[in-house]
Protein chains: 2
Amino acid sequence: MAQHATSAALIDGKAIAAGIKNQVAGEVRELRAAGLPIRLVAVLAGQSAAARVYAENQARTCTEVGIEYSLRELPQTVSQEELDALLRGLAADKTVTGIMLHMPLPPQINAQQSQYAIDLLKDVEGVNPGNIGHVVYGHSIIAPCTALAVVTLIESTGISLRGAEVTMIGASRITGKPTALLLAERGATVTICDINTRDVAEHSRRSDVVVVAVGKPGLVGVGHIRPGALVIDVGINRIAVMDAAGKETWRTVGDVAFEEVRRVAGWITPVPGGVGPMTVAMLLRNTVRAARLVYGLEKPFGNSGPD
Amino acid sequence: MAQHATSAALIDGKAIAAGIKNQVAGEVRELRAAGLPIRLVAVLAGQSAAARVYAENQARTCTEVGIEYSLRELPQTVSQEELDALLRGLAADKTVTGIMLHMPLPPQINAQQSQYAIDLLKDVEGVNPGNIGHVVYGHSIIAPCTALAVVTLIESTGISLRGAEVTMIGASRITGKPTALLLAERGATVTICDINTRDVAEHSRRSDVVVVAVGKPGLVGVGHIRPGALVIDVGINRIAVMDAAGKETWRTVGDVAFEEVRRVAGWITPVPGGVGPMTVAMLLRNTVRAARLVYGLEKPFGNSGPD
C-alpha cells in the first residue's frame with residue numbers, strides 16, 4: 001500500500017466514468033458502422049416516480065453515446081405472467097441487444113422470478129440470478145453495475161487486489177454480496193460485515209481496502225480506517241443541512257464521514273462524484289458487452305470446468 | 001460459545017445424516033401414497049470411472065429411500081448442443097422431478113452452460129448458476145449440497161450463526177463461496193480466505209467457527225484454532241500410511257490435523273463420518289424439495305423485493 005499522506009488522494013469517479021463513456025461511444029460507433037446497432041429496451045412496470053426519473057436520465061445518457069433506448073411501460077396491475085412473457089419476448093427478439101427491468105416493481109410481482117426471465121446475455125444490469133451465479137462461479141458474463149464500479153475504482157489506483165485484505169461493510173443482495181464475490185474472484189481476502197457484526201471496526205481497521213454500502217450517513221469514521229487504506233463509499237444519502245444564512249438545504253453524502261476519514265485514508269471516493277457516475281458508466285459498458293455477446297463477437301464462457 | 005473442554009465434542013455427521021435419510025424415506029412414502037412419485041434422472045457424459053462409481057452409489061442410496069433413479073449415458077464425444085438439448089428435454093418432461101449432471105464432463109463441454117440448462121426447480125445439486133444466484137439473493141430455492149451440509153452440521157450444535165465470526169478457508173465455486181454466502185445469509189460475519197491470503201491463521205484464530213475446504217491434509221493445525229471454536233472439515237483426502245506391521249495402507253483424512261485440533265476445539269467434524277455423509281443426505285433432501293416444487297406443494301420464492 002502507499003505511504004500515508006497528510007490527506008487522502010481522491011479517486012475521481014466522475015473523471016474515470018467520463019473516460020469510459022467516451023470509450024463506449026467509440027465502440028458503439030464502430031458497431032453501428034458494421035451494421036450492428038445497440039438497442040436497449042427498459043421495462044417499467046407501475047407508477048414509481050423514482051423509477052421514471054431514473055428512466056429519463058438513462059434515456060438521455062444512452063442517446064449521448066449512441067445507444068438506441070426505448071421504454072416499455074406496463075400498468076401497476078400487471079401480472080407476473082404478463083411481465084415475464086414480455087421479458088421472454090424481448091429475449092427472443094433479435095433486434096433487441098439489451099434488456100433492463102426498472103425497480104421497484106408492483107407488490108404482486110416477485111422481482112427475482114422476473115429477473116430470471118431476462119436473457120442471460122442481454123441482462124445489462126447483471127441482475128438475472130444466473131448472472132449472479134456466474135460471478136460466484138468465478139467467470140462473470142455480465143456482473144452487477146455497482147459491484148463492477150467498485151472494483152474498477154479500486155483498480156484505477158493501481159493497487160493489486162491479489163492477497164489484499166478487504167472489508168465489505170453491508171451484505172445486500174445486489175451490492176454487498178456481488179461486490180465481495182468479484183473482489184474474492186480477484187484474489188482478495190474479503191470479510192463481509194452486516195448489521196449483526198459484533199465489531200465492524202475490528203475488521204475494517206486491519207484492512208487494506210474498506211468498501212461501505214449501507215445507506216447510513218457517517219457510519220464509517222476515522223476509528224474504522226487504518227492509515228493509508230483505500231476507502232470506497234457506495235452510500236448515497238440525502239440529508240438536510242443548514243447553510244451559512246441559517247437556511248435548510250439538501251446535500252448528498254455517503255456512508256463515510258468524509259472530512260475526518262480523508263485525513264487518515266490513502267485513497268477515498270467522494271460522494272457525489274465517486275461510485276455514482278461509475279455505476280452509470282458500467283451500465284453503458286455492460287450494454288456494449290451484451291450487444292457483443294448477442295452478435296457473437298464475444299463468448300459468454302471462457303474455459304471452465306468444475307473445481 | 002461453549003466452554004473449552006479438554007477434548008472437542010464430535011459432530012457425528014453419520015448419525016445426523018442417518019436421521020435425515022429416515023425422514024426423507026418417510027416423505028417419499030407419503031408423496032408416493034398421494035400418487036406423486038419422485039423420479040431422479042442422472043446424466044453421465046463420457047467415461048469417467050469416478051463418476052460411474054459415484055452414480056452406482058447414488059442409485060443404491062436413492063433406492064433405499066424409495067426415490068426412482070435412472071441413469072442416462074452419453075458418449076465421450078457428445079456435443080454441447082446434444083447435452084443441453086437432453087437437459088432441456090428433462091426440464092420439460094413432467095414425469096421427471098429431479099435432474100443431476102455428473103462431473104467431470106468431457107473437455108469439449110462447458111459445465112456452467114449445461115448446468116444453466118438444468119431446470120431451476122429440478123436441480124437437486126443446486127448447481128444451476130441461477131440457483132447459486134438465488135443463494136446470493138438471500139432466498140435459496142435449492143442450494144448446493146455441501147454448503148447445506150456445512151450449515152446443517154453447524155446448526156446441529158445449537159450455536160447461533162447470527163453475529164458469529166466465521167472463517168471460510170477455501171474459495172471454490174461450488175463449496176467455499178456458496179457456503180460463505182449461506183452463512184452470511186444467516187447473519188454470520190464471514191471472511192473468505194484463499195490461496196492468496198497473507199495469514200490465514202490470523203483470521204481463523206479470532207473466529208467462532210472455522211470451515212476448511214481446500215483438499216490439503218493437515219492444512220489446519222492447533223495454531224489456527226481458538227480454544228472452544230467449532231471446526232468443520234470438508235476435505236476428503238486419501239493418504240498412504242504405514243500400519244503397525246510396517247505395511248502401507250490407505251486412509252481417508254480431512255484438511256484438519258484432527259488429533260491436535262480436537263484438543264483445543266469446542267466441536268469438530270471427523271473425516272470420514274462428518275461432512276461426507278451429510279452431503280449425501282442433503283442431496284436426498286434436495287431431491288424431495290425439488291419434487292415438492294415440481295408438484296406445486298412448495299413455492300420456490302418467498303416474498304422478496306430488491307434491497
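The contact between the two chains takes 41 residues from chain A and 41 residues from chain B, two residues being in contact if their C-beta atoms, placed from the backbone, lie within 7 Å. On the side of chain B that touches chain A, the elements giving two or more residues are α4 (111-116), α5 (129-136), α7 (176-185) and β6 (189-193) of chain B; helices (H or I, at least four residues) and strands (E, at least two) are DSSP runs, numbered from the N terminus. The largest share of this side, seven residues, comes from α5(B). By class, the side of chain B that touches chain A has 18 nonpolar, 17 polar and six charged residues, where Ala, Val, Leu, Ile, Met, Phe, Trp, Tyr, Cys and Pro count as nonpolar, Asp, Glu, Lys and Arg as charged, and the others, Gly among them, as polar.

The model is predicted: local features need pLDDT of at least 70, side-chain atom pairs count only at pLDDT 80 or more, and totals for chains, interfaces and linings use all residues. Residues are numbered from 1 along each chain as its sequence is written, and chains are lettered from A and ligands numbered from 1 in the order in which they are written.

Strand β6 (residues 189-193) of chain A pairs with β6(B) in the antiparallel sense over three bridges; two strands pair if DSSP finds at least two bridges between them. Here A:Ile192 stands opposite B:Val190 in β6(B). Within chain A, strand β8 (residues 230-233) runs parallel to strand β11 (residues 267-268), and two bridges join them; A:Val231 has A:Ile268 in β11(A) as its bridge partner. Axes are lines fitted to C-alpha atoms, for helices over the stretch in contact, and angles run from 0 to 180 degrees between N-to-C directions.

Chain A is divided into domain 1 (22-124 + 131-142 + 282-294) and domain 2 (143-275), with bounds from an automatic or database domain assignment. Their C-alpha centres lie 27 Å apart. The contact takes 10 residues from domain 1 of chain A and nine residues from domain 2 of chain A. On the domain 1 side, α5 (129-136) and α10 (275-294) of chain A each supply at least two residues, and the largest share, four residues, comes from α5(A). By class, that side has six nonpolar, four polar and no charged residues.

Helix α5(A) also meets α7(A), the two axes coming within 9 Å and crossing at roughly 35°. In this contact A:Ile132, A:Val135 and A:Val136 in α5(A) meet A:Pro178, A:Leu181 and A:Leu182 in α7(A). By class, the contact has six nonpolar, no polar and no charged residues.

Chain A holds a further open sheet of three strands in the order β3-β2-β4, with parallel pairing. Strands β3 (68-74) and β4 (98-101) of chain A stand at its edges, each with a single partner strand, so one side of each is left without a neighbour in the sheet. The twist averages 20° from one strand to the next. Strand β2 (residues 39-45) of chain A and β3(A) pair in the parallel sense over seven bridges, and A:Val43 has A:Arg72 in β3(A) as its bridge partner. Helix α3 (residues 80-92) of chain A lies across β2, β3 and β4 of chain A, running at about 180° to β2(A).
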